[in-house]
Amino acid sequence: LQDVYYAPHDKHNMVRNLTLEQVTDFAEQFLSKVHIQGLVQGNMTVEQVKGVDNMLRSQLKCSPLPPNSVTDIRCNGLPAGSWTVRLDSLDRGDANTLVTNYYQSGPGTIREHAVMETIVLLMEEPIFDTLRTQEQLGYAVNMTLRNTYGVFGLSVTVNTQATKFTADHVDQRIEKFFQEFLADHLTEEAVAEAVSSLIKLKLRADVTLEEEVSRNWQEIMSKEYVFNRSEREVAFLKEIGLEEVKSVLIPLLATRKLSVQVVGSDNPDP
């Protein structure tokens, strides 16, 4: 989904033929102009932090990148409709089949992210119970909230076996789960319970400095810089109810879907 992406095997093919001279030349060129972001937390004064920053810059002997060189990684939008990418596993002696259904929403706000978190919390246990425990489609079933460079989505992944179920069957059972969940299990009480659990989780204080630094550094890495994200999400969660969850979930499941299926061998090695 990234607009710029290099697969591991492509990178491996490139580095196989690299020389020491090429690596050295790249290192000199790479460090000549850089974009630096930093985070300092702990027992340091502003002056001490500025001193560390100046020392780092002087040691690197670098200059800033031109403004037009600092770009954001973007996420490609799926065309409307349902799409499937299916390919055989590279290991034809392995029966494992992996199906990931991805449902793309679009660029979202903090409030919409809070709604999406509520949706995942509502469904992650029921979908595991239905597809893994009851239907026994595979030994791994999980649901994930996707935030791909600001573009929200939802994914369901099932690891099954080609000797037991086809990828089409798994895809159909995922869709059937959503239909039954919307019809029978999405209630005001369930939403309220999920919201309450999320609020408690977000109001939990950072136990260690490492947790706080990790949370703040993620804001820098994402270039969103919302350092009070939890507090703002809690404020929105207190206003979220059943109708808002439905207004996000129903079009999400019906508008843009990509099913990625890596199919294992139906005649695997013994």
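**A sheet, a helical face and a pocket**

Let's start with two neighbours: strand S4 (residues 96-107) and strand S6 (residues 151-161) run antiparallel to each other and are joined over ten bridges. Within this pair, Tyr102 stands opposite Ser155 in S6. Keep in mind as you look around that this is a predicted model. As a reminder, strands of a sheet pair through backbone hydrogen bonds, in either a parallel or an antiparallel way.

Now widen the view. S4 and S6 belong to an open sheet of five strands, ordered S3-S7-S4-S6-S5, and the pairing in this sheet is mixed. Strand S3 (81-88) and strand S5 (140-148) form the edges, each pairing on one side only. From one strand to the next, the twist averages 15°. Helix H5 (residues 167-184) packs on the sheet, where H5 touches S3, S4, S5, S6 and strand S7 (256-263). The direction of H5 makes about 45° with that of S4.

Next, turn to helix H8 (residues 229-237). Its buried residues are Arg229, Glu233, Val234 and Leu237. Seen down the axis of H8, these residues fall within an arc of 130°, so they line one face of the helix. What do the buried residues of H8 pack against? Their partners are helix H4 (110-134), helix H6 (188-202) and helix H7 (209-222).

These helices also bring us to the largest pocket, whose lining takes at least two residues from each of H4, H6, H7 and H8. The largest share, seven residues, comes from H7. The pocket holds about 1300 Å³ of space. Of its 41 lining residues, Gln218, Glu219, Ser222, Glu224 and Arg229 are the closest to its centre.

Terms used:
Residues numbered from 1 in each chain as written. Predicted model: local features only at pLDDT ≥ 70, side-chain atom pairs only at ≥ 80, totals over all residues. Heavy atoms only, no water. Pairing = 2+ DSSP bridges. Helix = DSSP H or I, 4+ residues; strand = E, 2+ residues; numbered from the N terminus. Axes fitted to C-alpha atoms, helices over the stretch in contact; angles between N-to-C directions. Contact = heavy atoms within 4.5 Å. Buried < 20%, exposed > 50% of the residue type's maximum accessible area, 1.4 Å probe, protein only. Arc of directions from axis to C-beta. 1 Å grid on protein atoms, 1.4 Å probe; cavity = no way out; pocket = protein on both sides within 12 Å on 5 of 7 lines; lining within 4 Å. Points joined across faces, edges and corners; volume = space filled by probe spheres on them.
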